[in-house]
Amino acid sequence: GAMRSRAEVDATLQTAKVNPAELLPVAHCLSFGPRAGTGDYCLLQLEPGLSAQLEAGCSLVIRGEKHEQVVLCSKDKTYDMKIADTSNMLLFIPGCKTPEQLKADQASCNIIHSQACCAGIAGFSNNYWELRRCRPKLKKLRKLLMENPYEGPDNQKDQTSTFAKYTTEDLLSLIQASEEEILHQLQVIDACRIEGYWRILEFDYEMKLLNHVTQLIDSESWSLSKVPLRTCLEELGSLEPKEMIEHILLSYGRKHIDDAGEVYFEMQEDKICRAIAQMLLQNAVKFNLSEFQEVWQQSVPEGMTARLDQLKGLALVDESSRPATIFLLKVEDLPEDNQERFNSLFSIREKWTEVDIAPYIQDLCAEKQTVGALLTKYARSSMQNGVKVYNSRRPIS
């Protein structure tokens, strides 16, 4: 359309009862460009940190398969994407100057008071994508790797297997989390890279490796806090691949390097005791608690103490049965969605104390959220024999 004259602009302001003195002297006359439509643009609202990353040349990635809710990832954080509707229509105007830019221009231009700029509207929208920081969706990572756990070098299944194997790139395209969160989780689940693919060791094979190491420690009378890597590789290298021996030391020990450059491992009592408990518990539905504790203590390496608090998120003690029992309940086998997680916990046990349920919901807490806050939202509390217990807010089918 033709540009309005200054007189027309002033007349419009008068009709609208707007005082021109309160406005900047420049008027933008807007007109729709030839192809202005809603489908051409999407708006995304970013927090300052993310826009700074984009301006610095980093990329943001949208991840998710067809059936999954969309997430956006930076290098180290994950965000849910939700569409937010606006009551005001948003117009996209290339070359439109903001009040700040106009104020800066004013100094250099004195005829601005009579000016009206014509700006073409290239598109419009009445919604935008809003980002909300969320927990990375990492459960699938373990699930994918567990389809084909690594059972050792001589395993025929591995040679002929038609299962998918995953590189870092594959995982980045399949898992709804940022690169740093995925790499951290691979460490948490003790995955290792074999021939370029990420694998999880099959549990029996992992226990076989751990057993080789603990027996060697015993026969050499080493201190559990100073297990030498080089000797382990020399002694056990004929039994299993050296990189597997090193992997098991990294999984169950903390690495130290002494002044002479020798690598030592300080074995982690809690992690080793926990693994041995899992091995014992996975062969029985329920175990008499006192018998289990006795067998467990006999099964852990000399010099280690087996304690029930090592089993948080792995096993649950049932004090209500007579005698008390213990059974395997692994937090990683429970659903990732908050409501589904609570439903499954309340179907396992009707009433929980906070101490018992905490290890099974700790991983659901968002940043700065407490277990108590989650319980308030998804459970109702009551007192039972002077102890606060939690049960479901809804009937569990």
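Q: Which element gives the largest share of the lining of the largest pocket?

A: Helix α7 does, with 6 residues. The model is predicted, so local features need pLDDT of at least 70 and side-chain atom pairs pLDDT 80 or more, while totals for chains, interfaces and linings use all residues. Residues are numbered from 1 along each chain as its sequence is written, and side-chain values use heavy atoms, without hydrogens and water. Helices (H or I, at least four residues) and strands (E, at least two) are DSSP runs numbered from the N terminus.

Q: What is the volume of the largest pocket, and which residues are closest to its centre?

A: Rolling a probe the size of a water molecule over the atoms shows where empty space is left. On a 1 Å grid over the protein atoms alone, a pocket is an open set of points with protein on both sides within 12 Å along at least five of seven lines, a cavity is a set where a 1.4 Å probe fits but cannot get out, and lining residues have an atom within 4 Å of a point. Here the volume is about 1600 Å³. The lining has 42 residues, of which R142, Q185, V188, I189 and E332 are closest to the centre. It divides into 16 nonpolar, 8 polar and 18 charged residues.

Q: How many cavities of 30 Å³ or more are there, and what lines the largest?

A: There is 1, and about 30 Å³ of space lies in the largest cavity. Its lining consists of L144, L145, N148, A164, K165, Y166, W198 and R199. Both α4 (139-146) and β8 (197-199) supply at least two of the lining residues.

Q: Which residues have the most contacts inside the largest nonpolar core?

A: In soluble globular proteins, nonpolar side chains tend to be buried together. A nonpolar core is a set of buried Ala, Val, Leu, Ile, Met, Phe, Trp, Tyr and Cys residues joined through side-chain atoms within 4.5 Å. This core has 46 residues, and M244, L249, M267, F292, W296, L311 and I326 have the most contacts inside it. Its largest share, 8 residues, comes from α8.

Q: Is T78 buried or exposed, and which side chain does its own side chain join?

A: T78 counts as buried because its relative accessibility is 0%, where buried means under 20% relative accessible area (1.4 Å probe, protein chains only). The residue lies in strand β5 (residues 78-92). A polar contact of 2.5 Å joins its side chain to that of E181; such a contact is a pair of N or O atoms within 3.5 Å, one able to donate a hydrogen and the other to accept it.

Conventions: Buried means under 20% relative accessible area, exposed over 50%, partly exposed in between (1.4 Å probe, protein chains only). Grid points are joined across faces, edges and corners, and a volume is the space filled by probe spheres set on the points. Ala, Val, Leu, Ile, Met, Phe, Trp, Tyr, Cys and Pro count as nonpolar, Asp, Glu, Lys and Arg as charged, and the others, Gly among them, as polar.
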